[in-house]
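Grab a pencil and open the structure viewer.

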Amino acid sequence: MTLSDYLESHSSPVDASLSAIERWAHLHTAQPQMLCGPYMGRLLSLLCRTVRPHCAVEVGAYIGYSTCCVASSLDADATLHSFEVNDEYEGAIRRHLSDCHCADRVQLHIGDAKDQIPAVFPSEEAVVDFAFIDADKRNLRCYYDLLVPRMRRGALLLVDNVLWHEKVLDRELHHDTDTLAIHAFNEYVQHDPRVENLMLGVRDGIMICSVL
Ligand SMILES: C[S@@+](CC[C@H](N)C(=O)[O-])C[C@H]1O[C@@H](n2cnc3c(N)ncnc32)[C@H](O)[C@@H]1O
């Protein structure tokens, strides 16, 4: 048994509709590994049920797995603004939201989050209570800097894949653009006085920030 198997087998089971999305991804997409997966999905759900955000944001929906994890854990009057640049995924996202009975809680914005976040939240008023960044790694800092000023005090921001298969540990060996961008982002967060941050070493590394 691997550590991952042990962690999974001592965490609450995944909802059947979420498992169905995972199965669909394996059958119908070329990159099922893009889904954050059941462990991260349950972390997102558990935190959302605890924080009970009124306004949540997701950057990078792909086919809507993490979107469903967050949205299905929101209160009925809360909204998840989900940003996805690739319009080819819109049909799958909407179908999966409908299957998980949480479409009414999601506003899907198809377009580049770098343009869409300022368009949806034009003032830098702090209204966002929860955010999950899971898009391209080169623009992590850009999404983060767009979101942090728009987040309330005490709001949570999660970023996935901050260890990048542990490549960030040895940048002499791994000096590709993604690894260097993720390391630069981790350093940036570490020195950002606007947040309290904790990096979790589970899966591919998860950065959790609480906005001060
Ligand atoms: C790793 S996948 C997201 C997986 C999803 N969060 C999940 O766990 O099911 C990354 C997604 O980010 C999207 N993306 C990349 N750059 C983006 C941008 N600038 N704005 C919005 N979405 C972007 C990609 O098209 C892709 O669907």
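Below are some exercises, each with a worked solution. This is a predicted model, where local features need pLDDT of at least 70 and side-chain atom pairs count only at pLDDT 80 or more, while totals for chains, interfaces and linings use all residues. Residues are numbered from 1 along each chain as its sequence is written.

**Exercise 1.** Work out how helix α6 and helix α7 pack, and which residues make the contact.

*Step 1.* Find the two helices: α6 covers residues 113-120 and α7 covers residues 140-147. Helices (H or I, at least four residues) and strands (E, at least two) are DSSP runs, numbered from the N terminus.

*Step 2.* Look at the geometry: the angle is about 0° and the axes are 10 Å apart. Axes here are lines fitted to C-alpha atoms, for helices over the stretch in contact, and angles run from 0 to 180 degrees between N-to-C directions.

*Step 3.* So α6 is roughly parallel to α7 (angles under 35 degrees count as roughly parallel).

*Step 4.* Now pick out the contact residues (C-beta atoms, placed from the backbone, within 7 Å). Helix α6 brings Ala113, Lys114, Ile117 and Pro118, and α7 brings Cys142, Tyr143, Leu146 and Leu147.

*Step 5.* Sort them by class: 7 are nonpolar, none is polar and 1 is charged. For the sorting, Ala, Val, Leu, Ile, Met, Phe, Trp, Tyr, Cys and Pro count as nonpolar, Asp, Glu, Lys and Arg as charged, and the others, Gly among them, as polar.

**Exercise 2.** Describe the shell of residues around the ligand.

*Step 1.* Count the shell: 20 residues surround the ligand (each has its C-beta atom, placed from the backbone, within 6 Å of the molecule).

*Step 2.* Name the closest: Cys36, Gly60, Tyr65, Ser66 and Ala113.

*Step 3.* See where the shell comes from: α4 (65-71), β2 (79-84) and α6 each give two or more residues.

**Exercise 3.** Find the residues that touch the most other members of the largest nonpolar core.

*Step 1.* Know the rule: a nonpolar core is a set of buried Ala, Val, Leu, Ile, Met, Phe, Trp, Tyr and Cys residues joined through C-beta atoms within 7 Å. A residue is buried if 20 or more other C-beta atoms lie within 10 Å of its own, exposed if 12 or fewer, and partly exposed in between.

*Step 2.* This core has 60 residues, and Ala131, Leu147 and Leu157 touch the most other members. Strand β5 (residues 151-160) gives the most, with 6 residues.

*Step 3.* Zoom in on Leu147: leaving out residues up to four places away in sequence, Leu147 touches Val57, Ile117, Val128, Ala131 and Leu157.

**Exercise 4.** Is Asp204 buried or partly exposed, and which residues does Asp204 touch?

*Step 1.* Asp204 is partly exposed because 15 C-beta neighbours lie inside 10 Å.

*Step 2.* Not counting residues up to four places away in sequence, Asp204 touches Asp160, Asn161, Leu163, Trp164 and His165. Asp204 and Trp164 are 40 residues apart along the chain, yet their C-alpha atoms are separated by 5.9 Å.

Terms used. Angles under 35 degrees count as roughly parallel, over 145 as roughly antiparallel, 65 to 115 as roughly perpendicular and the rest as oblique. Two residues are in contact if their C-beta atoms, placed from the backbone, lie within 7 Å. A residue is near a molecule or strand if its C-beta atom, placed from the backbone, lies within 6 Å of it.
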